[in-house]
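Subject: Handover of a structure

Dear colleague,

I am handing over the structure below, together with an account of what was found in it. Please read the two side by side.

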Amino acid sequence: MNSHVKTETVSASLPPIPFIDVASQRARLGSRIDEAVTRVLNHCRFVNGPEVTELETQLAAFAGAKHAISCSSGTDALAMILMAWGVKAGDAVFCPAFTFCATAEVVPWVGATPVFVDVLDDTFNMDPASLEAAIKVATDRGLNPRVVIPVDLFGQPADLDAIEVIAKAHDLKILCDTAQGFGATWNGKRTGSFGDASATSFFPAKPLGCFGDGGAVFTDDDDLVPVLKSVREHGQGVDKYENVRIGMTGRLDTIQAAILLEKLSIFEDEIAARQRVATRYNEALKDVCVVPAVDPRATSVWAQYTIRLPHGVRDGLAAALQKEGVPTAVYYRIPMHRQPAYAQYPAAGNGLPVCEKLCGEVISLPMHAYLDEASQERVIAAVRRALGA
Ligand SMILES: *Cc1c(COP(=O)(O)O)cnc(C)c1O
C-alpha cells in the first residue's frame with residue numbers, strides 16, 4: 001500500500017466535522033444547563049419567570065444598551081420594533097438584498113414596502129451609496145422613507161457611520177438586524193448599542209444560541225420600552241385583558257432564558273475562539289480564494305466563515321469536501337429581490353450587481369468555537385486539495 005492510498009483511507013475513516021457544534025458546548029457546560037433547566041421545572045414559572053428578567057439585565061449590560069427586551073425569535077424582535085414604531089402601509093423600509101429572508105419578511109407584515117439595497121463587495125454589508133439610490137426610488141414611487149435595516153452579515157457590523165449620516169439626512173429610523181452579529185463591535189462598541197433599536201436571534205446556530213427559538217430587542221429609548229412590552233403581550237394596556245394596540249405572543253420561555261444565562265457566561269471566550277479559527281483560516285487560505293475582509297473599525301463574531309471563488313467553482317468544491325467529511329453551506333444562493341415572494345418589491349435602480357455576483361460565488365466553511373486545530377487543519381487541507389493548490 002503506498003502512502004497516498006493510506007492518506008485516503010485515514011481521511012475517509014474520520015468522522016465528519018460538525019458545521020456547527022452544539023454538542024461540544026453542552027459537554028463543556030456540563031451539568032450547569034441541566035441544573036438551570038431543573039430549577040425552572042421546579043419553580044414552574046415557565047412564562048415571565050425570574051430568569052427572563054435576569055437575562056434581560058445581563059444582555060443589556062453585555063451589549064452596552066440601556067434596555068434589552070427578550071422575545072420569541074429574531075424575526076419577532078424585528079417585527080416588534082416595526083410594530084412599536086407604528087410603521088405602516090405607504091412606508092418604505094430599506095433592507096439589503098443579500099441577507100436571510102426574515103430581515104425583509106417582517107416589513108409586509110405591517111403593510112409597509114421593503115425596498116432592496118445592494119451590498120459592498122468586500123464586507124457583504126449594506127452599500128451606503130445604494131441606500132441613497134434606493135431612497136430616491138422609494139420617493140419617486142410615492143412611498144414614505146421610514147426605516148433602514150442594516151444587517152451584520154456573517155457576524156460583522158455594517159458601516160454604521162455612513163448609514164447614520166444618510167438616516168439623519170432623510171429622517172429614517174435605524175433598526176440594526178444583529179441576528180448574526182451579536183457580540184461583534186463597531187468602533188469599539190458592541191452591537192445592540194447602535195441605531196434606534198436592534199434585533200438579535202438566539203436560534204441555535206447563531207453565535208449566541210438557545211435550545212430552541214428566542215430573540216431580543218435592544219434600545220436606549222425609554223419611551224419605546226413599554227410599547228415593546230405591550231406589543232410582546234397582545235398589545236396589553238394595564239393588563240393582558242385590556243388591549244390598546246395590535247400585538248402578538250412574543251415572549252421568551254423561561255427555560256430558554258435559563259439556558260441562555262449559562263451560555264452568556266462563556267460567550268466572550270467563545271467569540272475569542274471563533275476569532276482564532278478565522279485567523280487560522282485566513283492565513284492558510286488567502287492564496288487560494290478570497291477570504292473574508294473585516295473593516296478596520298469592526299470585529300466579527302464569525303457567524304459564518306465565507307469565502308469567494310470564481311463563478312462555477314463552489315459546487316464542485318462542496319462535493320469534494322463532502323467526500324472528506326467537511327460540510328459546507330451556501331448563504332445565500334438567491335438574492336432577496338429575485339425570490340418569488342419578494343420580486344414584486346422595488347430595489348435600488350441598478351439591478352443590485354454585487355448581490356447578484358456574490359450569490360454565485362460564496363460558500364461557508366465549518367465555523368464554531370469548538371473546532372480544534374486538527375479539524376481546522378483537515379478543513380484547510382481539504383479546501384487546498386480540492387482547489388488544486
Ligand atoms: C436568523 C436571522 C434572523 C431571524 O432570526 P430567527 O430567530 O430565526 O427568527 C433575522 N435576520 C438575520 C440576518 C438572520 O440571520
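This is a predicted model: local features need pLDDT of at least 70, side-chain atom pairs count only at pLDDT 80 or more; totals for chains, interfaces and linings use all residues.

Residues are numbered from 1 along each chain as its sequence is written, and side-chain values use heavy atoms, with hydrogens and water left out.

The sheet

Strand β6 (residues 185–186) and β7 run antiparallel and are joined by 2 bridges; here strands (E, at least two residues) and helices (H or I, at least four) are DSSP runs numbered from the N terminus, and two strands pair if DSSP finds at least two bridges between them. Both belong to an open sheet of 3 strands in the order β7-β6-β10, with antiparallel pairing. Because β7 (189–190) and β10 (298–299) stand at the edges with a single partner strand each, one side of each is left without a neighbour in the sheet.

A backbone N or O atom of Gly74 lies 2.8 Å from an oxygen atom of the ligand. From the side chains, an N or O atom of Gln180 is 2.8 Å from a ligand oxygen, and an N or O atom of Lys206 is 2.6 Å from a ligand oxygen.

On a 1 Å grid over the protein atoms alone, a pocket is an open set of points with protein on both sides within 12 Å along at least five of seven lines, whereas a cavity is a set where a 1.4 Å probe fits but cannot get out; lining residues have an atom within 4 Å of a point. The volume of the largest pocket is about 460 Å³, a volume being the space filled by probe spheres set on the points, with grid points joined across faces, edges and corners. Two or more lining residues come from each of α5 (74–85), α6 (102–109) and β8 (197–201), and α5 gives the most, with 3. The lining divides into 12 nonpolar, 9 polar and 3 charged residues, where Ala, Val, Leu, Ile, Met, Phe, Trp, Tyr, Cys and Pro count as nonpolar, Asp, Glu, Lys and Arg as charged, and the others, Gly among them, as polar. Domain 1 (27–264) and domain 2 (266–386) both give residues to this lining, so the pocket lies between them; the domain bounds come from an automatic or database domain assignment.

The cavities

The structure also holds 3 cavities of 30 Å³ or more. The largest has a volume of about 160 Å³, and of the 16 residues that line it, Ile20, Asp21, Gln25, Pro207 and Arg274 are the closest to its centre. Its lining has 8 nonpolar, 3 polar and 5 charged residues. The second largest cavity has a volume of about 100 Å³, and Leu153, Phe154, Gln156, Pro292 and Trp302 lie nearest its centre among 13 lining residues. Both domains give residues to the lining of this second cavity, so it lies between them.

Local backbone details

At the start of α2, a side-chain oxygen of Asp21 reaches to within 3.2 Å of the backbone nitrogen of Ala23, and α2 is followed by Gly30, whose phi is positive, near 55°. Asp171 has a positive phi of about 55° although it is not a glycine, and this residue lies in the loop between α8 (160–169) and β5 (173–177). Finally, the peptide bond from Tyr331 to Tyr332 is cis, with omega near 10°.

With best wishes

Key: A polar contact is a pair of N or O atoms within 3.5 Å; within protein, one must be able to donate a hydrogen and the other to accept it, and residues adjacent in sequence count only if both atoms are side-chain atoms.
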